[in-house]
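Here's a quick briefing to read alongside the model. Have the structure open and follow the strands as you go.

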Amino acid sequence: MSQTDQRLEALGIRLQRKDRRGKGVVAVRQCGDLLFVSGHGPEKADGTMLYTGKVGAELTKEQGYEAARQCGINLLASVRDAIGDLDRVDRVLKAFGLVASAPDFFEQPAVMHGFSDLMVEVLGERGLHARSAMGTNCLPGNIPVEVEAVLRIRR
Amino acid sequence: MKTPEEEILSFSKKRRGNVVMTRHGSLLFVGGHGPEDEWTGDPYYTGRLGAELDEEAGYQAARKCGEIILSVLQDYLGNLDRIDGIVKAFGLISCTPSFTMHETVMDGFSDVMVEVLGDRGVHARSAMGTSNLPGNIPVEIEVIVSIRD
């Protein structure tokens, strides 16, 4: 078992979801030592959404945090599926977080901490990343959070 | 002999420091393109998804964005065979707050990439809704493309 997998087990996080998008779209596209990862939503292992709705309206900031964390779990699952072993992740370079927000909700960064905290818990220093967060009036399938990322891997 | 950057600057229309694309090594970063005539700037589609437009019209608008991006790449590269892969696409969709079919709209772009480029057209993708886009266009798409010599 890889070191990162051991870390996941210690944290009680299971990455079991396999993302098979089809239609010209893949979850992860490798280009040299960079991985470009598609936007991931907060699906659970059974395929249903952890939450739907907008943060600041149907959902609280804390629920948004949990949703962003679930996005991170799914994103790591896709990366592991693509490269086989998360020990090969050298660095999470950049993350971009979209938060479906009520018009008067301004705490998108507090929501995105759910994603960033998870990256550091699982990957340590390698999980530190540059990040942007923005609010939007709606996201695909009425999900509250969507996160995409660029990672560098060891070859 | 021009550098790649100079080549792009001489070919593309310049708008206040904003160019159609930039290049780093074998990667091209292509700015957001809407369903607009590249010369006149006139939009082929306007309005928001879920209001003036339904997802079928959105699909067609995203397809048009894809065709326009391919024409820009053809202009720059001279030959679409030089595309190694469409690496990443980011789609902005102007919509009402209750619209949920963003992925269906973006399939218009992805379908045209795979129809034209085959496996090289397969890409990572994100889609988001927004309340306004420039000129009231319904879709705007930016891409990162890997090229070969």
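In chain B, β1(B) and strand β2 (residues 27-33) run antiparallel, joined by 4 bridges. Across that pairing, R23(B) sits opposite L28(B) in β2(B). Keep in mind that this is a predicted model.

**The sheet in chain B**
- The β1(B)–β2(B) pair belongs to an open sheet of 5 strands, ordered β1-β2-β5-β3-β4, with mixed pairing.
- At the edges you'll find β1 (21-24) and β4 (124-130) of chain B, each of them pairing on one side only.
- On average, neighbouring strands here are turned by 15 degrees against each other, if you ignore direction.

**Helices and overall layout of chain B**
- Chain B has 3 helices and 5 strands in total, and walking along the sequence gives you α-β-β-α-β-α-β-β.
- Helix α2 (residues 55-77) of chain B lies across β1, β2, β3 (83-94) and β5 (139-147) of that chain, and runs at about 40 degrees to β5(B).
- Helix α3 (residues 102-117) of chain B lies across β3, β4 and β5 of chain B, this time at about 160 degrees to β3(B).
- Of the 149 residues in chain B, 45% are buried.
- Take the contacts in chain B between residues at least 6 apart in sequence: 76% of them join residues at least 24 apart.

**Strand pairing in chain A**
- Over in chain A, strand β3 (residues 89-100) pairs with β5(A) in the antiparallel sense, over 9 bridges.
- One spot to look at in that pairing is V89(A), which stands opposite I153(A) in β5(A).
- β3(A) also pairs with strand β4 (residues 130-136) of chain A, in the parallel sense and over 7 bridges.
- Within β4(A), S132(A) is the bridge partner of F96(A).

**Where the chains meet**
- The contact between the chains involves 22 residues of chain A and 28 residues of chain B.
- On the chain A side, β1 (28-31), β2 (34-40) and β5 (145-153) each supply at least two residues.
- β2(A) gives the most to that side of chain A, with 4 residues.
- Sorted by class, the side of chain A that touches chain B comes to 11 nonpolar, 7 polar and 4 charged residues.

- In soluble globular proteins, nonpolar side chains tend to be buried together.
- The largest nonpolar core in this model has 82 residues, and those with the most contacts inside it come from both chains: V37(A), A68(A), V145(A), A62(B), V139(B), I141(B) and V145(B).
- Helix α2 (residues 61-83) of chain A gives the most to this core, with 9 residues.
- Leaving aside residues up to four places away in sequence, A68(A) touches G97(A), V111(A), M112(A), G114(A), F115(A), V145(A) and V147(A).

**A loop residue worth a look**
- V26(A) is in the loop between α1 (3-11) and β1 of chain A.
- Is V26(A) buried or exposed? V26(A) counts as buried, because it has 20 C-beta neighbours inside 10 Å, and the cut-off for buried is 20 or more.
- In sequence V26(A) is 52 residues from S78(A), while in space the two are 9.5 Å apart, C-alpha to C-alpha.

Key: Residues are numbered from 1 along each chain as its sequence is written. Chains are lettered from A and ligands numbered from 1 in the order in which they are written. This is a predicted model: local features need pLDDT of at least 70, side-chain atom pairs count only at pLDDT 80 or more; totals for chains, interfaces and linings use all residues. A nonpolar core is a set of buried Ala, Val, Leu, Ile, Met, Phe, Trp, Tyr and Cys residues joined through C-beta atoms within 7 Å. A residue is buried if 20 or more other C-beta atoms lie within 10 Å of its own, exposed if 12 or fewer, and partly exposed in between; C-beta atoms are placed from the backbone. Two residues are in contact if their C-beta atoms, placed from the backbone, lie within 7 Å. Ala, Val, Leu, Ile, Met, Phe, Trp, Tyr, Cys and Pro count as nonpolar, Asp, Glu, Lys and Arg as charged, and the others, Gly among them, as polar. Two strands pair if DSSP finds at least two bridges between them. Axes are lines fitted to C-alpha atoms, for helices over the stretch in contact, and angles run from 0 to 180 degrees between N-to-C directions.
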